[in-house]
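Visitor: Good morning. May we look through a structure together, one topic at a time?

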Amino acid sequence: SWQPKELVAVIGTHQSREWSRLRHLIFHPSGDYFLTEPEEGRNGIWSTRGLNRVTESGEPGFPDGTWNGWPQFSADGTCVFTATGRYSGDFTQPDRPTFRLVASRPTHKVTNDAQSSQVVTPDGKWLLIAGGPHGILEAWDVTGDGYRFVSEIPCPEDCHPYKLELSNDGKRLAIFVVHPTGRPSHRIQLCEVNWSTADGPALKT
């Protein structure tokens, strides 16, 4: 449907081709699909069985901008979180997955364009958002279908969190921290996470 109606033949194949550099490439937890967010062009869902694109943004059931910014699947694969909101995914039709907006992400201090990374906990209860340019790490409660801001998490002194990654059990958080002046040099900080404190998640280096 994306090719011009005047096209009469294709010599070669478009299989597994992406026409722009990718911002993000993530697997669906089932391993049957992966998602691409290019710098230019349409976001896509690909089948791992044939390395073919099964749908893309703008197609029915796949709103434009769905993966706009740091897409993260929930552990069960039924929901994807982006910088702009959370979407429910239906993969019951293997050749035509569909998505619908469940909730737009509200803004505390980290605006959508300032967000530099996000991670969802394996149990699907928490969303951590890094606002690298602002030096902020936010914790959101995402149980149910909405978002509830809980707290700002203190970060390593004088450093801005840019990239987040949780361990599979959710107990450790790796943070790529950037010093605003470049000195001392950027580094990776590994933290233990306590999710059960009264004021929200707490980090211990």
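Visitor: Which residue stands opposite E192 in strand 16?

Guide: That residue is K204. Please note that this is a predicted model, in which local features need pLDDT of at least 70, side-chain atom pairs count only at pLDDT 80 or more, and totals for chains, interfaces and linings use all residues. Residues are numbered from 1 along each chain as its sequence is written, and side-chain values use heavy atoms, with hydrogens and water left out.

Visitor: What is meant by a strand here?

Guide: Strands are DSSP runs (E, at least two residues), numbered from the N terminus. Two strands pair if DSSP finds at least two bridges between them.

Visitor: And how many bridges join strand 15 and strand 16?

Guide: Three bridges join strand 15 and strand 16, in the antiparallel sense. Strand 14 and strand 15 also run antiparallel, and they are joined by six bridges. F176 has I188 in strand 15 as its bridge partner, and R172 stands opposite E192 of strand 15.

Visitor: In what order do the strands of that open sheet lie?

Guide: The order is 13-14-15-16, with antiparallel pairing. Strand 13 and strand 16 (202-204) are at the edges with a single partner strand each, so one side of each has no neighbour in the sheet. From one strand to the next, the twist averages 40 degrees; the axes behind such angles are lines fitted to C-alpha atoms, and the angles run from 0 to 180 degrees between N-to-C directions.

Visitor: Where do side chains point in a regular strand?

Guide: In general, they alternate between the two faces of the sheet.

Visitor: Let us change topic. How many residues has the largest nonpolar core?

Guide: The largest nonpolar core has 15 residues. Such a core is a set of buried Ala, Val, Leu, Ile, Met, Phe, Trp, Tyr and Cys residues joined through side-chain atoms within 4.5 Å. V119, L128, L137, L164, L173 and I175 have the most contacts inside this core. At least two core residues come from each of strand 10 (126-131), strand 11 (136-141), strand 13 (160-166), strand 14 (172-178) and strand 15 (187-194).

Visitor: What does L128 touch?

Guide: Leaving aside residues up to four places away in sequence, L128 touches S117, Q118, V119, E138, A139, I153, L164, L173 and W195. A contact means heavy atoms within 4.5 Å.

Visitor: Now the charged residues. How many salt bridges are found in the whole structure?

Guide: The search finds eight salt bridges, each being a side-chain nitrogen of Lys or Arg within 4 Å of a carboxyl oxygen of Asp or Glu. One of them joins E56 and R42 at 3.1 Å, N to O. E56 lies in strand 4 (residues 52-56) and R42 in the loop between strand 2 (33-38) and strand 3 (44-47), so this pair ties together parts 14 residues apart in sequence.

Visitor: Is E56 buried or exposed?

Guide: E56 is buried at 8% relative accessibility, whereas R42 is partly exposed at 40%. Buried means under 20% relative accessible area, exposed over 50%, and partly exposed in between (1.4 Å probe, protein chains only).

Visitor: Which residues form a network of salt bridges?

Guide: R42, R53, E56, E59 and R96 are linked in this way.

Notes. Helix = DSSP H or I, 4+ residues; strand = E, 2+ residues; numbered from the N terminus.
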